[in-house]
Amino acid sequence: MSRMTTERLEELYVGTLALVAEHGYDKLTMDQIAEATKSSKATLYRQWGSKAALVVEALQCTGEINDDFPDTGTIHGDLQALAEHSKSHDKGNSDLITAIMHAMRTNEELATAVRTEILGPARGRIAGMLKKAVDRGEIAADNPALPFADLLFMAPMLLHIVLEGTEPEPEYLHRYFEGVVIPALGIH
């Protein structure tokens, strides 16, 4: 367990992610992280064991990725709340997300950790939100889009960054949900 204060951990996480965004994951070394965050490289390795573990924990602890999805009582309301919630996220994350996505192609340790620790729980929250909608009768249990819904939800977050160079704005997400997700899920 860490002897670092919450404030010190937050400082280290923010510094680490800023370096990933600036230099890219592959080019970043633990020496650079130690120097920039005024940490000991030995402490970093003792605490996290690897750069991938440090970066994944930093992603988990600095963002709002662990937040529960909205539960407004309707899938339509949940989607609207989810789009509005995107306003509260830091819009400077495009470089970081791009760097992580690029590194996942070549670094299996990072890819596995991101898929398991970040994307897996997010997919679980999407499935939970949709199960509630199915249980309420808003979505047919046999809807052929349900197995692909996690991709439908994640696509605008990731692809907008790749294609446009920015994170999607809430208005864009509203239009996306109304034009793509709602019809695919058979919601009227």
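A salt bridge here is a side-chain nitrogen of Lys or Arg within 4 Å of a carboxyl oxygen of Asp or Glu. By that test, a search of the whole structure finds seven salt bridges. Several of them are stops on this tour.

Before you start: this is a predicted model, where local features need pLDDT of at least 70, side-chain atom pairs count only at pLDDT 80 or more, and totals for chains, interfaces and linings use all residues. Residues are numbered from 1 along each chain as its sequence is written, and side-chain values use heavy atoms, with hydrogens and water left out.

**Stop 1: the whole chain**

Show the protein chain as a cartoon. There are nine helices and zero strands. Helices (H or I, at least four residues) and strands (E, at least two) are DSSP runs, numbered from the N terminus. Read along the sequence, the pattern is α-α-α-α-α-α-α-α-α. The C-alpha atoms fill a box of roughly 55 × 35 × 30 Å along the principal axes.

Now colour by accessibility. Of the 188 residues, 39% count as buried. Buried means under 20% relative accessible area, exposed over 50%, and partly exposed in between (1.4 Å probe, protein chains only).

Turn to contacts, meaning heavy atoms within 4.5 Å. Among contacts between residues at least 6 apart in sequence, 68% join residues at least 24 apart.

**Stop 2: helix H1**

Select residues 6-23, which form helix H1. Show the side chains of Arg8 and Glu11. They meet in a salt bridge, 2.7 Å from N to O. Both residues lie in H1, three residues apart, about one turn of the helix. Side chains of opposite charge can pair when their charged atoms come close.

**Stop 3: Lys38**

Move to the loop between helix H2 (30-36) and helix H3 (41-48), where Lys38 lies. Check its backbone. Lys38 has a positive phi of about 55° although it is not a glycine. Most residues other than glycine have a negative phi. Lys38 counts as exposed, at 73% relative accessibility.

**Stop 4: H5 against H9**

Select helix H5 (residues 75-85) and helix H9 (residues 170-184). Their axes come within 8 Å and cross at roughly 150°. That makes H5 roughly antiparallel to H9. Axes are lines fitted to C-alpha atoms, for helices over the stretch in contact, and angles run from 0 to 180 degrees between N-to-C directions. Angles under 35 degrees count as roughly parallel, over 145 as roughly antiparallel, 65 to 115 as roughly perpendicular and the rest as oblique.

Which residues make the contact? From H5, show His76, Leu79, Gln80, Leu82, Ala83 and Glu84. Ala, Val, Leu, Ile, Met, Phe, Trp, Tyr, Cys and Pro count as nonpolar, Asp, Glu, Lys and Arg as charged, and the others, Gly among them, as polar.

Zoom in on Gln80, in helix H5. Gln80 is partly exposed, with a relative accessible area of 38%. Leaving aside its neighbours within four places in sequence, Gln80 is in contact with His174 and Glu178. Draw a C-alpha to C-alpha line from Gln80 to Glu171: they are 91 residues apart in sequence and 9.7 Å apart in space.

**Stop 5: H6 against H8**

Select helix H6 (residues 94-106) and helix H8 (residues 149-164). The two pack at an angle of about 100°, with their axes 10 Å apart. H6 and H8 are therefore roughly perpendicular to each other. Ser94, Ile97, Thr98 and Met101 in H6 meet Leu158, Ile161 and Val162 in H8. By class, this contact has five nonpolar, two polar and no charged residues.

**Stop 6**

Select Asp71 and Lys132. Their side chains form a salt bridge, 3.0 Å from N to O. Asp71 lies in the loop between helix H4 (51-62) and H5, and Lys132 in helix H7 (residues 108-135), so the pair ties together parts that are 61 residues apart in sequence. Asp71 is partly exposed at 48%, and Lys132 is partly exposed at 39%.

Next, select Arg123 and Asp150. In this salt bridge the closest N and O atoms are 2.4 Å apart. Arg123 lies in H7 and Asp150 in H8, so the pair ties together parts that are 27 residues apart in sequence. Buried or partly exposed? Arg123 is partly exposed, at 41%, whereas Asp150 is buried, at 12%.

**Last stop: a network**

Finish with Asp78, Arg136 and Glu138, which are linked in a network of salt bridges.
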